[in-house]
Each structure stands twice: as structure tokens, then as C-alpha cells.
Amino acid sequence: MVNNYAKFADAKRFCSETYHGELVSIYSESEYYVVAAYFIQINYGQLPVFIGLQTYSSVPYYRWQDGSAANYTHWNNQTAPFNITDDSCFGWVETQTSDGWIVVDCQAELPFICKQDPDIVVNGTSGSITSPSYPLPYQPSVTTCYYITVPKKNYHKYSNFSDAKDYCSQVADGELVSIYSKFEYDIVSSYIEQQNFEDTFPVWIGLETYIFEPHYRWQDKSLANYTHFVNGTAPSNTTGSSCFAWLKTVANDGWIVVDCQNPLPFICKRHVPHGNNVYLNGTSGTITSPKYPIPYEPAVTSNYYLTVPAGNVVDLTITSTYRANMIESSSNQVRVEFVASGSSGGRYFGWKASFNAVVPITYRGAFSSTNYPENSVNEVIEQYIRVPPYFGIIFNIWDYVSNGYATLLISTRNSSGTWNFINWDTGIEINHTVRLDGDNAKIYWWGRNYIYLKRVNITWVADP
């Protein structure tokens, strides 16, 4: 969900250029409820949000921006709007009285939802692909899968807590479900509602008691900072070996203490490792390990592609460690790859890093007006200089001529602010050498009016 407001065309462009994606497409009821669970958490009042639906000339008469047919639709009031044209734009409204897709003004400035699929590239002469987590019937939710047992009315299909835990670990390659946030709670809750249990049973979850605050944790040993107990109150009858289940009825929706030997359905949770690509363009920003500050899943791989304006390099500082670690790139683009081991088990809380566009450190350089040694044209030229810390900069101004219609400004910045080291707008200087006591500088040249004589030629070196 993008916090900006934009017209439809601008929203579409933003998704493409910023996230290398598109306005959201919804392929199934399951995906609808996954996105809706997130949508509900964002309070935009009565405003709809733009989606990637568009009209089409053939059945089913709607398709998504990727060209796929919109075989699943979720119109507000279950009826397609009658005021649709070939260039209609569509929005998604989610309020207490409205739920679904509507026609909206393409020129209205609205929030919007972008969708980016993981990049998967396969090369070779042969191979095979499967649906995620095949052959288990997992439900997808971004990078996490949930498997909910749906037994018939036969107690042998249910499991006690220990057997459910073993099944999730040994068969499903995961663990009994953990719930880290209200967002995730709503997602899993929507899956439970879609099941056809023949009896009203709670389902096992991976919660356990803990001696330290907040006194509950999950099987991956992460703290249960989010809880959702029935009636909003933690049960008083817990012990060090208590087992917990999720009861979902009209009257009660939440977690309760249950006898560990009771045969119940259960929910497994497993992360789906995949090559998740994140693209960031700008002068500054933040990246984190997946799910930060929640523990990242084992065997996950993420790539972060950072691009800053040309002429700059990327200054990356990892800020979530005991001592900040700074890395500087050699170009204006950098790829950061994060690979988690398969045995992390959710015990590691990950990292956070900030990046900024900075001028690269150099030791020498040159600056001159356009067409030098000929007369300068109407122009404005800026050059930023950065040398190693505690160095100075020696400028050799070999030739400066101005009859009053050119400005040469050399400035530096320190903790006290910006200081103009040289500020010339008229005169002649030949072979002028001067040292700047600072590790950064900005050269600014402004040539005005074609008929007046003006030119400049400068070299500089870093001085220890």
C-alpha cells in the first residue's frame, strides 16, 4: 500500500518505476482476503484505492495490467457497475458499508496498491517447476505459507499438541503457527473462516509460556509481543507446560489454554524461500532484513538494489548492530544480498541499514568552463569535491577571466555551516594557488551574456 496520493496514470507509473511492479491484480478470493486484511489496517477513511483492473473487448470483459483475464472479480454490492467505458479506472473501497471494486475518476488523487512479484530466472536445457510448497496444500501470503488441517469427523485425523508439533516439523518442514501482528492475525483468521470443520474445535498454535516478559513466546523462541486471547485477557490457569489453541466462533475469537492431550486440528507455518528483489532509487532511504524487527525466517534470500543520482556513490550504514558499520560503494549503484542460513529458526532479529548519496572520495581533479580556452557560453556548472577525512584541498587556478558577467564560487561545509572560500565575479587571476582546510568543497561557475570575456580553468589535489 502506497501512502502517496496520485492520479491513476501517475500511480501506474510510480508502481512501474519505483517498485518494478504494477497496480495490484487480484486472481482469487484467497488473494482478495490477503490484501484486504492489510488494507483494513490502513485507515484512509472513505477513500477508495486505485487497482490495476481495466476493461477489455472480449469475455470476461476485464483484464489486469499484465494482460491476464480478470476471471475473479469482487464488485461492490456484487454487481458490475453500469457506468463503465473503455477508459474507465477502478478503485477498491473498504468500509463498514462498502466492500469491493467500483468505478472511480481517473483524475482523482487517491492512494493505491502496488504489486511486485519475486524475480525468478531459470536457465538450462531441462528442469521442473512446482507450485510453492508442493505437495502440501499451503495457502500463500507474501513470503509465508500456512497449512490448516481439515479432517473429517474422525478423531484419528486430529492430533494432540505433541503430534501436531512433530507433523509441522517433520512433514510440513515448518512449525505450529506463530502470529506476529494484527495484520498476520487477520490473514490467518480469514483462512480459518474458509475451512469446513464439521465440529467447532479450536486449532493448535505454537504459543508457549515463558518466564520473562512478556511471558509468552513462539516455538521459534521469538517473543509473543502480539497476543489475541479470548476476551482480551491472558488466561490465569497457565503453567510452564501449557498448550494453546485458537478458538474461532461467533461468540469467541482468540487464543485459549487447552489440554495438551486433546485431539485437535492445527495450523502449520512455513516460510517460502525465494529471490525477493527490492529496488530503491533516491538520495537516501532505509533497508531491513525481512520482517524486521520480527525474526527473519530461515533460508530466505533477499537482494536490495540501491541507486543514487549519477556522480554520487552509496554510503551504507548498518545501524542495528552494537557498533555501526559503514560501507561505501565505488559507483552510484550497489546490490546488497542477504542470505539467511537454513538453521536460523527465527532466532535472529535481523538488521536495519540506512543509505545516503554522497560524493565519492577522490584525490585530484579538474574543472573548467565549457569550450575553454574559448569564451564561456551562458551556463551554470557545479562540481562537488570530497577528499579523505582530515585532508585539505589545494586549488591551482591557472586561468580566471571575468569582465563582470561571470561568478566563481568555491565553498566548503563544516559543523558551523557553509563558508565561501572564494567568491569572485570580476578580474583576472593567473596561476593562483590556495589551500582549503577542509575535506569537501563545491565549485560553482555562472557565466552570463555571450559578448563578455569570461573563462576559468582549475585543477586541485588532496593534501594530507
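What pLDDT does the protein average, and what share of the residues score at least 70? The average is 80, and 81% of the residues reach at least 70, where pLDDT is the predictor's confidence in each residue, from 0 to 100. This is a predicted model, so to speak: local features need pLDDT of at least 70, side-chain atom pairs count only at pLDDT 80 or more, and totals for chains, interfaces and linings use all residues. Residues are numbered from 1 along each chain as its sequence is written, and side-chain values use heavy atoms, with hydrogens and water left out.

Some stretches call for care. Over residues 119–142 the pLDDT stays under 50, and the model has 29 contacts there beyond four places in sequence (a contact means heavy atoms within 4.5 Å). Residues 151–156 also have a pLDDT below 50, with 11 contacts beyond near neighbours in sequence. Where pLDDT is low, the predicted coordinates should not be read in detail.

Now for the overall build. You'll find four helices and 33 strands in the protein; these are DSSP runs numbered from the N terminus, with helices being H or I of at least four residues and strands E of at least two. Of the 464 residues, 42% are buried, meaning under 20% relative accessible area, while exposed means over 50% and partly exposed is in between (1.4 Å probe, protein chains only). Among contacts between residues at least 6 apart in sequence, 73% join residues at least 24 apart.

Four strands form an open, antiparallel sheet in the order S26-S33-S28-S31, and two strands pair if DSSP finds at least two bridges between them. S26 and S31 (427–436) stand at the edges with a single partner strand each, so one side of each has no neighbour in the sheet. S28 and S31 run antiparallel and are joined by nine bridges; Ile-397, for instance, has His-432 in S31 as its bridge partner.

The loops hold a few backbone details. Tyr-390 is not a glycine, yet has a positive phi of about 70 degrees, and counts as exposed at 81% relative accessibility. Asn-77, in the loop between S5 (62–64) and S6 (89–94), also has a positive phi, about 65 degrees, without being a glycine. Asn-77 is exposed, with a relative accessible area of 55%.
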